Amino acid sequence: MTLPALAALACPNCGQGLDQADRRLSCPGGHSFDLAKQGYAPLLAPGSNATTGDTADQVAAREDFLSSGAYDPLLRAVAAASAADAPGVVVEPGCGTGHYLAAALALDPAREGVGLDTSKYALRRCAKRTVPADLLPGDGEPRRAAGTQARLAAVLADAWNRLPVRDGAAAAVLNVFAPRNADEIARVLHPEGVLVVLTPRRDHLRELVDALDLLSVDPAKPQRTADQLGSAFEAERADEISYSIGLGREAVRRLVGMGPSARHHGAAELDAAVAALPERVDVTVSATVARWRPKG
Ligand SMILES: C[S@@+](CC[C@H](N)C(=O)[O-])C[C@H]1O[C@@H](n2cnc3c(N)ncnc32)[C@H](O)[C@@H]1O
Ligand SMILES: [Zn+2]
């Protein structure tokens, strides 16, 4: 089977386009890459740091937590913001399991996607990602049949290095709780394309930050995001999404286990802290979903 979005991909060594024969991708410059058994394409550029990706435990926790629907308002906002008139694919650096990317693709039957990540555990799931059901409220039904395989290429690549994506090939780039390399995003985005950035707000998960000593959102983050993006992009709109969800201890454990704090506290330490919580905790979810356009 031909890898979805193949025409949008580029050789990580020389930047030329890729062809596919059986399970091998190759460029005219003689570089070749065999698809992994689990379906993802290993396109790490020379000098990449492939050790930054989420662990198997983090990815399993992420899959379980996200599939519970607890972040669906964020999912809908990201998918809706990704609508673009430009030709091209949807690209997500730091795509994780492809949860948000598949939702963006569900809105348009003609779009294909490229999910980039350094976690093989995440990419294995991303390569098998299906189109989500029940994506939008009311009449905003997903236009692709729920449950079918999402048309996306899962790609092993370092978001801080040159992305294995051709210049201007992306109609939309998603950036959701993930590394943000503004220069590379600007290079791969079509001039009429849209960049969708989800950033946590200060009060995101605040009850858990206090109770479990989690890493908190840096108050300087909005300014830093604006500084990073401001030279290449113009802000088009920003929507604030805030709500409260009641989570049982198991859900809290997954939520904490999928995030950066899982790397800072040991599993046993987190288990003990979560066990000491009340049976149900009301947790604030709070994020900004912003649309940016390339500067002309
Ligand atoms: C907090 S998770 C978010 C995943 C996904 N966007 C979501 O919200 O479900 C961050 C993701 O970035 C990936 N990641 C971390 N460093 C990376 C890098 N340098 N290049 C590509 N992906 C990276 C991790 O493996 C992880 O899947
Ligand atoms: Zn090449």
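How many residues surround ligand 1, and which are the closest? There are 22 of them, and the closest are Gly53, Gly94, Gly96, Ser119 and Ala159, where a residue is near a molecule if its C-beta atom, placed from the backbone, lies within 6 Å of it. This is a predicted model, in which local features need pLDDT of at least 70 and side-chain atom pairs count only at pLDDT 80 or more, while totals for chains, interfaces and linings use all residues. Residues are numbered from 1 along each chain as its sequence is written, and chains are lettered from A and ligands numbered from 1 in the order in which they are written.

**Around ligand 1**
- Helix H3 (99-106) and strand E6 (113-117) each supply at least two residues of the shell around ligand 1; helices (H or I, at least four residues) and strands (E, at least two) are DSSP runs, numbered from the N terminus.

**Helices H1 and H8**
- Helix H1 (residues 56-67) packs with helix H8 (residues 249-257) at an angle of about 130 degrees, their axes being 8 Å apart.
- The contact is made by Asp57, Gln58, Ala61, Asp64 and Phe65 of H1 together with Ala251, Arg254, Leu255 and Gly257 of H8, two residues being in contact if their C-beta atoms, placed from the backbone, lie within 7 Å.

**Helix H2**
- Leu74, Leu75, Ala77, Val78, Ala79 and Ala81 of helix H2 (residues 72-81) are buried, which requires 20 or more other C-beta atoms within 10 Å of a residue's own.
- The cover over the buried residues of H2 includes H3 and the strands E8 (170-176), E9 (189-200), E10 (233-248) and E11 (280-294).

How values were computed
Axes fitted to C-alpha atoms, helices over the stretch in contact; angles between N-to-C directions. Buried ≥ 20, exposed ≤ 12 C-beta atoms within 10 Å, placed from the backbone.
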